[in-house]
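These are my notebook entries on a single structure, kept in the order in which I looked things up.

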Amino acid sequence: MALEKIFWQLTLTLSVLILFTPNASLAQKGTMNVIDKCWRSNPQWRRYRHQLATCSVGFVGKMTYNIGKGVVQYEVTDSSDDHLKPKPGTLRYGATLIPGKVWITFKRDMNIKFSKPLLISSFTTIDGRGVNVHISGGACLIVYKVFASYH
């Protein structure tokens, strides 16, 4: 039980966000979730992506460690995946080879086929807003060596 609680706390702190654009009519009907309501009201959301960190909910709290000074902006431009030698521009490169705080976005819609699991550490945000990103291939994302913060 304690291990499961820690896992979920770390998962939320890690803030792996792959958000897909909901139907625009949802905004008119007022049926958006709490997180979407927080950032969708700003038409310049692409310019202020880090605002999402203050929108997070859950028992761990806000993603305040994932914003501010020292955050590296990384854009995925290549949908290929090589688990042995990740190339710059790939999701694996951004999530595993860039040290520190990383905010990962995607240049375009893409289907990324993993051959091996992708290890994601603390302070890594995968932000798929505005594009359709599909992870396939039978492998998964694994939360690895994360730092738990309690607010």
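I count a contact wherever heavy atoms lie within 4.5 Å. The model is a predicted one, in which local features need pLDDT of at least 70 and side-chain atom pairs count only at pLDDT 80 or more, whereas totals for chains, interfaces and linings use all residues. Residues are numbered from 1 along each chain as its sequence is written, and side-chain values use heavy atoms, with hydrogens and water left out.

Entry one, overall layout. I found four helices and seven strands in the protein, taking helices (H or I, at least four residues) and strands (E, at least two) as DSSP runs numbered from the N terminus. Along the sequence, these elements follow the pattern α-α-α-β-α-β-β-β-β-β-β. I then looked up burial, where buried means under 20% relative accessible area, exposed means over 50%, and partly exposed lies in between (1.4 Å probe, protein chains only). By that rule, 35% of the 151 residues count as buried. Among contacts between residues at least 6 apart in sequence, 56% join residues at least 24 apart.

Entry two, the parallel sheet. I looked up an open sheet of three strands, which has the order E1-E2-E5 with parallel pairing; two strands pair if DSSP finds at least two bridges between them. Its edge strands are E1 and E5 (124–126), each of which pairs on one side only. Five bridges join E1 to E2, and three bridges join E2 (residues 102–106) to E5. Is E2 mostly covered or uncovered? E2 is mostly covered, since five of its five residues are buried. Val102, Ile104 and Phe106 are buried on one side of E2, and Trp103 and Thr105 are buried on the other.

The ring centres of Tyr74 and Tyr93 are 6.1 Å apart and their planes lie at 25°, so the pair is stacked; for Phe, Tyr and Trp (its six-membered ring), pairing requires centres within 6.5 Å, and planes under 30 degrees apart count as stacked, over 60 as edge-to-face and the rest as tilted. Because Tyr74 lies in strand E1 (residues 72–76) and Tyr93 in helix H4 (residues 91–96), the pair ties together parts that are 19 residues apart in sequence. Tyr74 is buried at a relative accessible area of 9%, whereas Tyr93 is partly exposed at 25%.

I placed Thr90 in the loop between E1 and H4, and with 2% relative accessibility Thr90 counts as buried. Not counting residues up to four places away in sequence, Thr90 touches Tyr74, Val76, Asp78 and Ser80.

Entry five, Phe114. Where does Phe114 lie? I found Phe114 in the loop between strand E3 (110–113) and strand E4 (118–120), and Phe114 is buried, with a relative accessible area of 2%. Arg92 lies over the face of Phe114, at 5.2 Å from the ring centre; the rule asks for NZ of Lys or CZ of Arg within 6 Å of the ring centre and within 35 degrees of the ring normal. Leaving aside residues up to four places away in sequence, Phe114 touches several residues, including Asp81, Leu91, Arg92, Ile135 and Cys140. I also noted that the C-alpha atoms of Phe114 and Ser80, 34 residues apart along the chain, are separated by 8.4 Å.
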